[in-house]
Amino acid sequence: MAAPPNFEEGQLIYRSPKFNGQYYGWWNTRMYNFIMAKDSELWDVICDGLVIPMKTIGEITVVVPETRKECNDVDHKAVEKNFRAKKIPVCGIGLDEYSRISACQYAKEI
């Protein structure tokens with residue numbers, strides 16, 4: 001088996017691994033390690049999905065998403081984690097793969 005692309009060039013610890021359509025298993029392992037080294041909670045967001053801040057209204061219990069103004073700091077941090085978790089894989093793929101995931105709103109969808 002030939003060495004994966006860019007293997008000889010060394011790896012940067014501050015830039016996410018690039019996926020070029022080949023050697024997915026190798027890239028997947030490297031991406032997992034990169035994300036875990038950045039923030040292990042990001043991996044939870046990727047696996048479990050975004051936690052959407054909700055509120056209860058009325059006498060009949062109806063749960064609806066909170067507006068941005070109603071969110072507290074904890075809610076804002078949870079939403080921010082989704083975007084951070086989404087950014088890493090998006091920055092680690094090429095244009096061909098980007099066209100497949102460009103409409104994904106959440107990290108878990110990617």
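Helices (H or I, at least four residues) and strands (E, at least two) are DSSP runs, numbered from the N terminus. The model is predicted: local features need pLDDT of at least 70, side-chain atom pairs count only at pLDDT 80 or more, and totals for chains, interfaces and linings use all residues. Residues are numbered from 1 along each chain as its sequence is written, and side-chain values use heavy atoms, with hydrogens and water left out.

**Exercise 1. Describe the second largest pocket and find which element gives the most to its lining.**

Solution. 
- On a 1 Å grid over the protein atoms alone, a cavity is a set of points where a 1.4 Å probe fits but cannot get out. A pocket is an open set with protein on both sides within 12 Å along at least five of seven lines, and lining residues have an atom within 4 Å of a point.
- Take the volume, which is the space filled by probe spheres set on the points, with grid points joined across faces, edges and corners. The second largest pocket comes to about 340 Å³.
- Look at the lining. It has 17 residues, and Tyr24, Trp27, Pro89, Ile93 and Ile110 lie nearest the centre of the pocket.
- Assign elements. Helix 1 (24-38), helix 2 (40-48) and helix 4 (95-101) each give two or more residues to this lining. Helix 1 gives the most, with six residues.
- Sort by class. Ala, Val, Leu, Ile, Met, Phe, Trp, Tyr, Cys and Pro count as nonpolar, Asp, Glu, Lys and Arg as charged, and the others, Gly among them, as polar. The lining has 13 nonpolar, one polar and three charged residues.

**Exercise 2. Trace the ring pairs that link Phe19, Tyr24 and Trp27.**

Solution. 
- Apply the rule. Rings of Phe, Tyr and Trp (its six-membered ring) pair if their centres lie within 6.5 Å; planes under 30 degrees apart count as stacked, over 60 as edge-to-face and the rest as tilted. The count comes to four aromatic pairs.
- Take Phe19 and Trp27. Their centres are 5.0 Å apart with 40 degrees between the planes, a tilted pair.
- Take Tyr24 and Trp27. This pair is tilted too, because the planes stand at 45 degrees, with the centres 5.8 Å apart. The two residues are three apart in helix 1, so about one helical turn separates them.
- Phe19 is buried at 13% relative accessibility. Trp27 is buried at 9%. Tyr24, at 47%, is partly exposed.
- Join the pairs: Phe19, Tyr24 and Trp27 form a cluster.

**Exercise 3. Is Lys81 buried or exposed, and which residues does it contact?**

Solution. 
- Locate Lys81: it sits in helix 3 (residues 73-91).
- Read its accessibility. Lys81 is at 15%, so it counts as buried.
- Leave aside neighbours within four places in sequence. Lys81 then contacts Asp39, Glu41, Leu42 and Val45.

**Exercise 4. Describe the backbone and setting of Tyr23.**

Solution. 
- Read its phi: near 60 degrees, a positive value in a residue other than glycine.
- Classify Tyr23: at 26% relative accessibility, it is partly exposed.

Technical notes
Buried means under 20% relative accessible area, exposed over 50%, partly exposed in between (1.4 Å probe, protein chains only). Contact means heavy atoms within 4.5 Å.
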